[in-house]
Amino acid sequence: MKEEKTEVRIDKWLWAVRLFKTRTLAVEACKKGRIMIQGTNIKPSRMIRVGDVIQIKKPPITYSFKVLDLSEKRMGAKLVPQFMEDATPQSEYEILELSKVSGFIDRDRGAGRPTKKDRRDLDDFIDDSFFDEWDFDSDE
């Protein structure tokens, strides 16, 4: 008969639900203080239970996930929603969008020339309606 687990190591669970590509990356994130439960940094060996809310710092935002079920074995992407629920506030996603938009404006010195993609992103950001206000053809 299959035994139902009540606790699982956090590094194994993070890897199993595909939040990290390898278990080693999950362990490193725990050691660097990027994984928290209730605002407390945790070790990779910390046991988690159903109902725990895990915060993962991936700058510029902090993601939150609620544990719905436990597993130590990696699963297919279609099964992930059965094991976790995204509890990240909408305001965090807004911060992410703002950082994507402003990413090419705050270009680091020495980062080289902007790429074609950077130019296209800038063109999308500053659309044609901005230039409609200015009359470049008049000789006033």
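With which residue does Asp11 form a salt bridge, the closest N and O atoms being 3.1 Å apart? The partner is Arg23. The model is a predicted one, and in it this pair links distant parts of the chain: Asp11 sits in helix α1 (residues 10-16) and Arg23 in helix α2 (residues 23-31), 12 residues apart. Asp11 is buried, with a relative accessible area of 0%. Arg23, at 34%, is partly exposed.

Asp11 also has a salt bridge to the side chain of Arg9, with an N to O distance of 3.0 Å. Arg9 counts as partly exposed at 26% relative accessibility. Taken together, Arg9, Asp11 and Arg23 are linked in a network of salt bridges. Side chains of opposite charge can pair when their charged atoms come close.

The structure has 4 salt bridges by the rule used here. One of them joins the side chains of Arg49 and Glu7, at 2.7 Å from N to O.

Lys58 lies over the face of Phe20, at 5.2 Å from the ring centre.

The next stop is Thr88. This residue is found in the loop between β7 (84-86) and α3 (90-102). Is Thr88 buried or exposed? At 10% relative accessibility, Thr88 counts as buried, because the cut-off for buried is under 20%. Leaving aside residues up to four places away in sequence, Thr88 touches Thr62, Tyr63, Ser64 and Tyr93. Of these, Tyr63 is 25 residues from Thr88 in sequence, and the two C-alpha atoms are 5.2 Å apart in space. The side chain of Thr88 has a polar atom 2.9 Å from the backbone nitrogen of Ser64. The Thr88 side chain also makes a polar contact with the side chain of Asp86, at 2.7 Å.

A pair of aromatic rings is described by the distance of the centres and the angle of the planes. How many aromatic pairs does a search of the whole structure find? It finds 2. In one, Tyr63 and Phe65 are stacked, with 6.3 Å from centre to centre and 15 degrees between the planes. Tyr63 is buried at 19% relative accessibility, and Phe65 is buried at 8%.

In the pair of Tyr63 and Tyr93, the ring centres are 6.2 Å apart and the planes stand at 65 degrees, so the pair is edge-to-face. This pair links distant parts of the chain, with Tyr63 in strand β6 (residues 61-67) and Tyr93 in helix α3, 30 residues apart. Tyr93 is partly exposed, with a relative accessible area of 25%. Tyr63, Phe65 and Tyr93 form one aromatic cluster.

Technical notes. Residues are numbered from 1 along each chain as its sequence is written. This is a predicted model: local features need pLDDT of at least 70, side-chain atom pairs count only at pLDDT 80 or more; totals for chains, interfaces and linings use all residues. Side-chain values use heavy atoms; hydrogens and water are left out. Buried means under 20% relative accessible area, exposed over 50%, partly exposed in between (1.4 Å probe, protein chains only). Helices (H or I, at least four residues) and strands (E, at least two) are DSSP runs, numbered from the N terminus. Contact means heavy atoms within 4.5 Å. A polar contact is a pair of N or O atoms within 3.5 Å; within protein, one must be able to donate a hydrogen and the other to accept it, and residues adjacent in sequence count only if both atoms are side-chain atoms. Rings of Phe, Tyr and Trp (its six-membered ring) pair if their centres lie within 6.5 Å; planes under 30 degrees apart count as stacked, over 60 as edge-to-face and the rest as tilted. A charge sits over a ring if NZ of Lys or CZ of Arg is within 6 Å of the ring centre and within 35 degrees of the ring normal.
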